[in-house]
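Subject: Structure handover

Hello,

Here is the structure I said I would pass on. My notes follow it.

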Amino acid sequence: DQWRHQFLLWTNLQEHQVCKFTAENKQLFSTEAGVLVTTYSMLTHEGHRSEEASRILREMQSKEWGLMLLDEVHVVPAETFRKVIAIIKSHCKLGLTATLVREDNLIDHLNFLIGPKLYEANWLDLVSHGYLANVQCAEVWCEMTKEFFAEYMKKENRRKRELLYVMNPIKFMTCQFLVEYHERQRRDKVIVFSDNIFALREYALKMRRPFIYGATAHNERTRILHHFKHSSEVNTIFISRVGDNSIDIPEANVIIQIASHAGARRQEAQRLGRILRPKQGSMGGGKTGEFNAFFYSLVSKDTQEMFYSTKRQQFLIDQGYAFKVITSLLDTVDRGRLHYSKKEDQLQLLSKILTVGHEQQLGDEVLRGDQEEQIRTLREGGASSSRAMTSLQALSGGAGLTYREFKTGAGTSGQAAAAAAAKKKKKPYNPYHERNHLFKFRKKYQR
């Protein structure tokens, strides 16, 4: 919808010349020239298609397109999405991305899949000219409570460690404080990101805020985003990693990150990009040092999350950004009005975490195309904390192999005996053995 709207806004094309090929709308322009907007998943889908979708895909493959415009081109090196290059024939390919980085080191494949890099702009240069918002980046350290940290250190809870440091009560109170501060004091629009679906629901339901994740229906998602953009009643939304790409929310100017995908540098930059739209009065450059957008990354101290946080920030640091570390945000805050400030509530939350089943979506949300990058990163020694269903055969490297027993080919018993005799080691040579002829001469001379 966003791409179609922009083409109609900035060109003289008519509405019937800009069509969409998605799961909900399957159209193809009837004129000789036009624009077709679709997704990677629609073109690379290998399952059953409807008759209408199959017909449009055949027509797309039969045409010679003038230009193929690939948004978020960093996903093209994935084994699934690179099929788009072979499915659609075009005279020219142009890729766009703000985060030219991948964790599986396949970003160089774009040189032969698409072509060489033509232009790259530094983010801070765009900020100084007023094309991007001036963002204050902060890493907020949250102490782990005694009970949560004790469970975190236990070996039997290793599969729930991520959930323990994400659901840290101090982190929960910090998130609540930042949301209320920016809503009431600054009248800001806040997005809270969480890759962990269990934590996403718990945070949103406890704070009574709407949330969006992969299973959210398209109509409900559109309704929530519409109220967030145009209504003063909805100033904060919780969203999973589906909000990393292809969501246009220019009104948002605050991001709070409570759970992320391990050490993914691209995800950190993409989430920051949700609030980089220039704000009112920022074009042409604002006052030096004046921040009009805020990015908070909440990290539980003394946990693996601190290592991941440092790795995630590398791409933004290369662009010139600096992260301010905040270690004592709640020291001067009245914690009594915050959720989970009482010890009995914290223990109840801890008990709920330890008893929750794996089938209740304990792990991170995994989108199509991300799983290939995670598997490849693991093979190259990278770190990843996502969970995926697979077989023991695939984990042991035996995918596609079979086990078979057969004889070595020693046919007759005589051949087997000869082979066994050949393997026997010869006795070491003993010059003083009685059967040696030198031993006989030695006895003769001794007499």
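Which residue lies over the face of tyrosine 152? Arginine 161 does, at 5.7 Å from the ring centre. Bear in mind throughout that this is a predicted model.

Overall

The protein chain has 447 residues, and 44% of them are buried. Its secondary structure comes to 19 helices and eleven strands. Of the contacts between residues at least 6 apart in sequence, 75% join residues at least 24 apart.

Aromatic pairs

The count of aromatic pairs is 14. One of them joins tryptophan 3 and phenylalanine 7, with 6.1 Å from centre to centre and 35° between the planes, and this pair is tilted. The two residues are four apart in helix α1 (residues 2-10), so about one helical turn separates them. Tryptophan 3 is partly exposed, at 33% relative accessibility, and phenylalanine 7 is partly exposed as well, at 23%.

Phenylalanine 149 and tyrosine 152 form a pair whose centres are also 6.1 Å apart, but here the planes are at 20°, under the 30 degrees cut-off, so the pair is stacked. These residues are three apart in helix α7 (residues 146-152), which again puts about one helical turn between them. Phenylalanine 149 is partly exposed at 28% relative accessibility, whereas tyrosine 152 is buried at 8%. Tyrosine 152 thus has a ring stacked with that of phenylalanine 149 and arginine 161 over its face.

Ring pairs also link Trp123, Phe315 and Tyr321 into a cluster.

The charged end of lysine 206 sits over the ring of tyrosine 340, at 5.1 Å from the ring centre. Lysine 206 turns up again below, as Lys206 in the contact between α9 and α10.

Helices α9 and α10

Two packed helices are described by the angle between their axes and the distance between the axes. For α9 and α10 the angle is about 50° and the axes are 12 Å apart. The two helices are therefore oblique to each other, and α9 passes α10 in a right-handed crossing. On the α9 side the contact is made by Lys171, Phe172, Cys175 and Gln176. On the α10 side the residues are Glu202, Tyr203, Lys206 and Met207.

Positive phi

Most residues other than glycine have a negative phi. Where does this model depart from that? Arginine 187 has a positive phi of about 60° although it is not a glycine. Arginine 187 lies in the loop between α9 (169-184) and β6 (190-194), and at 69% relative accessibility this residue is exposed. Arginine 208 likewise has a positive phi of about 60°. Its place is the loop between α10 (197-207) and β7 (211-212), where arginine 208 is exposed at 78% relative accessibility.

Contacts across the sequence

Asparagine 157 is in the loop between α7 and α8 (161-166). Its relative accessible area is 11%, under the 20% cut-off, so asparagine 157 is buried. Which residues does asparagine 157 contact, leaving aside its neighbours within four places in sequence? They are Glu151 and Leu354. Leucine 354 is 197 residues away along the chain, yet the C-alpha atoms of leucine 354 and asparagine 157 are separated by 8.1 Å.

Isoleucine 353 is in helix α15 (residues 343-355). Is isoleucine 353 buried or exposed? It is buried, with a relative accessible area of 0%. Leaving aside neighbours within four places in sequence, isoleucine 353 is in contact with Phe148, Lys160, Leu163, Leu164, Met167 and Phe198. Phenylalanine 198 is 155 residues from isoleucine 353 in sequence, and 9.4 Å separates the two in space, C-alpha to C-alpha.

Regards

Technical notes: Residues numbered from 1 in each chain as written. Predicted model: local features only at pLDDT ≥ 70, side-chain atom pairs only at ≥ 80, totals over all residues. Heavy atoms only, no water. Phe/Tyr/Trp six-rings, centres within 6.5 Å; stacked < 30°, edge-to-face > 60°. Buried < 20%, exposed > 50% of the residue type's maximum accessible area, 1.4 Å probe, protein only. Lys NZ or Arg CZ within 6 Å of the ring centre and 35° of its normal. Axes fitted to C-alpha atoms, helices over the stretch in contact; angles between N-to-C directions. Parallel < 35°, antiparallel > 145°, perpendicular 65-115°, else oblique. Left-handed = near helix turned anticlockwise from the far one by under 90°. Contact = heavy atoms within 4.5 Å.
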